[in-house]
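Please look through the sequence and the 3D model shown below before reading on. The briefing that follows goes through them topic by topic.

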Amino acid sequence: MVTAVRHLGPHWYASVMGTAALAVGGGTLTTGGSRALFVGIWALSLLQLVVLLAARALHWTRHGDQARAHLRDPAAAPFYGCLSMALLAVGGGALALGRDWIGEPAAVVLDCALFVAGTAVGLAAAVTVPYLMAVRHRVEPGQASPVWLLPLVAPMVSAALGPRLVPYLPPGQPRATLLYGCFALFGLSLLATLLMLTLVFARLVTGGPLPLALTPALFLVLGPLGQSTTAVGAFADLAPGVVPAATATGFGVLAVVYGVPVMGFALLWLALAVTHLVRARRHGMRFAMTWWALTFPVGTCVTGAAALGRHTGLAVYDWLAAGLYGLLVTGWLVAACGTVRGLLSGELLAGPRPAPVAPSPVTGRTTSGAGR
């Protein structure tokens with residue numbers, strides 16, 4: 001077991017995020033007896049999180065050299081944002097679904113603990129990873145990747161999930177402080193993401209397609225788009241009675257004025273990402289852990305579309321959420337099956353293969369094996 005976790009990088013937390021998104025997205029769209037299914041899926045995400053936290057703790061204690069290598073690798077370091085989002089996603093699922101199993105008091109305690117831990121880790125990653133990229137890493141504009149967005153998106157997940165805890169705080173200052181704090185996290189993540197997204201888009205149109213193994217990472221751009229739409233919807237849901245009436249009305253307006261155009265751009269990017277994915281498959285793209293990018297980012301668009309359905313009253317957004325959820329289910333099944341096969345064969349936990357002498361421009365890898 002000790003040897004097996006040597007190359008277990010932080011990118012593995014993406015599998016937890018994807019499973020939690022599958023549960024919460026399904027719970028958002030359905031009611032009644034089928035809800036039990038999504039409670040079970042959330043329980044699976046909780047189990048995944050516990051197992052991965054233990055394995056990563058073993059990784060750090062027994063293979064500290066490799067753990068530090070991940071931080072030094074500009075292709076692997078951004079995945080530390082996945083730890084934050086995994087904690088937050090499972091915590092949010094506890095309040096949305098897990099309370100049916102463990103009871104509301106336990107669900108609130110679990111969500112609070114994971115929200116605080118996830119937010120702290122996310123803020124640390126949002127500062128530390130860009131600092132390392134500027135000071136320690138040596139990156140060129142042509143190396144820009146959607147993976148760079150991961151540590152910057154983590155605070156947006158806190159912004160989207162934090163408002164659910166507002167009703168469980170004492171009325172007055174505590175509730176307002178949490179709501180405004182989540183709004184600040186929204187702004188922090190949004191502005192930082194916009195700065196980084198310009199680099200990613202410029203790299204894509206001027207440098208050609210991404211390496212095959214990284215192509216699914218294009219779906220990561222959907223994360224900040226869908227999650228920010230979900231966040232403004234949550235602000236509008238929880239603001240009445242917490243902040244002044246005029247401010248609450250403003251949050252309701254923001255949910256529509258911001259969410260509608262951003263969801264439109266998300267659909268444009270989704271079409272672009274799908275065409276690149278089809279191209280990569282035709283060029284021989286094999287399974288890698290980057291395929292989990294087909295899950296959580298799409299899940300944020302499911303909850304974002306559902307929020308727009310609530311605040312616009314338009315059935316088209318409910319249909320859109322259902323269609324996107326179908327895409328999420330497909331992505332999760334593909335990623336989960338590939339991960340199970342890779343674990344059984346030992347390929348996903350093996351060390352990175354030596355780089356070829358003359359690598360093809362359409363293939364890519366990292367020194368840490370983060371794309372495995």
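A residue is called buried when its relative accessible area is under 20%, exposed when that area is over 50%, and partly exposed in between. The model described here is a predicted one. With these cut-offs in mind, Thr300 counts as buried, because its relative accessible area is 3%.

**A buried threonine**

- Thr300 belongs to helix α10, the helix that covers residues 296–312, and with a relative accessible area of 3% this residue falls under the 20% limit for buried residues.
- Leaving aside residues up to four places away in sequence, Thr300 touches Leu222, Gly223, Gly226, Gln227 and Thr230.

**Salt bridges**

- Side chains of opposite charge can pair when their charged atoms come close.
- The structure holds 4 salt bridges, and one of them joins the side chains of Asp100 and Arg35, with a distance of 2.4 Å from N to O.
- This pair links distant parts of the chain, with Asp100 placed in helix α4 (residues 80–102) and Arg35 in helix α2, 65 residues apart.
- Asp100 has a relative accessibility of 45%, and therefore counts as partly exposed.
- Another salt bridge is formed by Arg99 and Glu104, whose closest N and O atoms are 3.5 Å apart.
- Arg286 counts as exposed because its relative accessibility is 56%, while Glu347, with a relative accessible area of 30%, is partly exposed.

- Helix α7 runs over residues 173–207 and has 35 residues, and it reaches 50 Å from its first C-alpha to its last, which is close to the 51 Å expected at 1.5 Å a residue.
- Just after α7 comes Gly208, which takes a positive phi of about 85 degrees.
- Helix α11, made of 31 residues (315–345), reaches 45 Å between its first and last C-alpha, close to the 45 Å expected at 1.5 Å a residue.
- The residue that follows α11 is Gly346, and its phi is positive, near 85 degrees.

**Surface and distance**

- Leu44, Leu47 and Val51 make a nonpolar surface patch of about 270 Å², and Val51 has its place in helix α2, which covers residues 35–62.
- How far apart are Val253 and Asp73 in sequence and in space? They are 180 residues apart in sequence, and their C-alpha atoms are 42 Å apart in space.
- Val253 is found in helix α9, and it counts as partly exposed because its relative accessibility is 47%.

Definitions and conventions
Residues numbered from 1 in each chain as written. Predicted model: local features only at pLDDT ≥ 70, side-chain atom pairs only at ≥ 80, totals over all residues. Heavy atoms only, no water. Patch = residues over 30% accessible without salt bridge, like charges linked within 9 Å, V, L, I, M, F, W, Y side chains within 5 Å. Areas by Shrake-Rupley, 256 points an atom, 1.4 Å probe, with all protein chains shown as cover. Helix = DSSP H or I, 4+ residues; strand = E, 2+ residues; numbered from the N terminus. Expected span 1.5 Å × (residues − 1). Buried < 20%, exposed > 50% of the residue type's maximum accessible area, 1.4 Å probe, protein only. Contact = heavy atoms within 4.5 Å.
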